[in-house]
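Below are my notes on the model, as numbered points. Please read them with the structure open.

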Amino acid sequence: MPDIEELIRLAVRARDRAYAPYSNHPVGAALVTDAGEVFTGCNVENAAYPLGNCAEQSAIAAMVLGGGRTIRELVVVGPTDAPCTPCGGCRQRIREFAGPDALVHACNERGVLLTMTLDDLLPESFGPENLNPRKS
Ligand code: THU
């Protein structure tokens, strides 16, 4: 199981690959699954602005492609020392694959700035089990 320093290193490496020419706000994310596997992602913007992808979204896509289904912990690293907390849409995207106690850490290169649970970020949330109670 990777420790937080390793996740931060991987998220910084992902941020270095970001494509963010419009916002100049590169973001990297590194998540670890319940199986201990790590997946990373960066934001990918587009000249048609609303089509841009967030770093968390990219990491989740990588996880799904790699066969992962449950996020245990997620690190997000933005370009400044202001904590880069997941946008509203990404909170819901994380919710699809994480339980309420999953940890989300907003970090810079040097360490953790802010740690939240998914339930802190998205209380009283709507998820897969709301659609099909037997699956929960
Ligand atoms: N962004 C992320 O990738 N993750 C976040 O947690 C917040 C914002 C991206 C989206 C956009 O490419 C840029 O940062 C500015 O909003």
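Predicted model: local features only at pLDDT ≥ 70, side-chain atom pairs only at ≥ 80, totals over all residues.

1. Leu 113 lies in strand E5, residues 111-117; helices (H or I, at least four residues) and strands (E, at least two) are DSSP runs, numbered from the N terminus. Leu 113 counts as partly exposed because its relative accessible area is 33%; buried means under 20%, exposed over 50%, and partly exposed in between, with a 1.4 Å probe and protein chains only.

2. Residues are numbered from 1 along each chain as its sequence is written, and side-chain values use heavy atoms, with hydrogens and water left out.

3. Val 27 is in the loop between H1 and E1. With a relative accessible area of 7%, Val 27 is buried. Val 27 and Leu 113 are 86 residues apart in sequence, and their C-alpha atoms are 15 Å apart in space.

4. Asn 43 belongs to the loop between strand E2 (38-42) and helix H2 (55-65). Asn 43 is also buried, as its relative accessibility is 7%. A polar atom of the Asn 43 side chain is 2.9 Å from the backbone nitrogen of Val 27. This is a polar contact, that is, a pair of N or O atoms within 3.5 Å; within protein, one must be able to donate a hydrogen and the other to accept it, and residues adjacent in sequence count only if both atoms are side-chain atoms.

5. Which residues are around the ligand? Ser 23, His 25, Val 27, Asn 43, Glu 45, Cys 54, Ala 55, Glu 56, Cys 84, Thr 85, Pro 86 and Cys 87 are, a residue being near a molecule if one of its heavy atoms lies within 4 Å of it. By class, this shell has 6 nonpolar, 4 polar and 2 charged residues. Ala, Val, Leu, Ile, Met, Phe, Trp, Tyr, Cys and Pro count as nonpolar, Asp, Glu, Lys and Arg as charged, and the others, Gly among them, as polar.

6. A side-chain N or O atom of Glu 45 is 2.5 Å from an oxygen atom of the ligand. For Glu 56, a polar side-chain atom lies 2.5 Å from a ligand oxygen atom. Ala 55 uses a backbone N or O atom, 2.8 Å from an oxygen atom of the ligand. On its own the ligand has 370 Å² of accessible area, and the protein covers 77% of that; such areas come from the Shrake-Rupley method with a 1.4 Å probe, and for residues only the protein chains shown count as cover.

7. Two residues deserve a backbone check. Asn 24 is not a glycine, yet has a positive phi of about 55°. Asn 24 sits in the loop between helix H1 (4-15) and strand E1 (28-33), and at 64% relative accessibility Asn 24 is exposed. Glu 124, also not a glycine, has a positive phi of about 50°. Glu 124 is in the loop between H4 and H5 and is exposed, at a relative accessible area of 80%.

8. Ser 125 is in the loop between helix H4 (118-121) and helix H5 (128-131). Ser 125 is partly exposed, at 23% relative accessibility.
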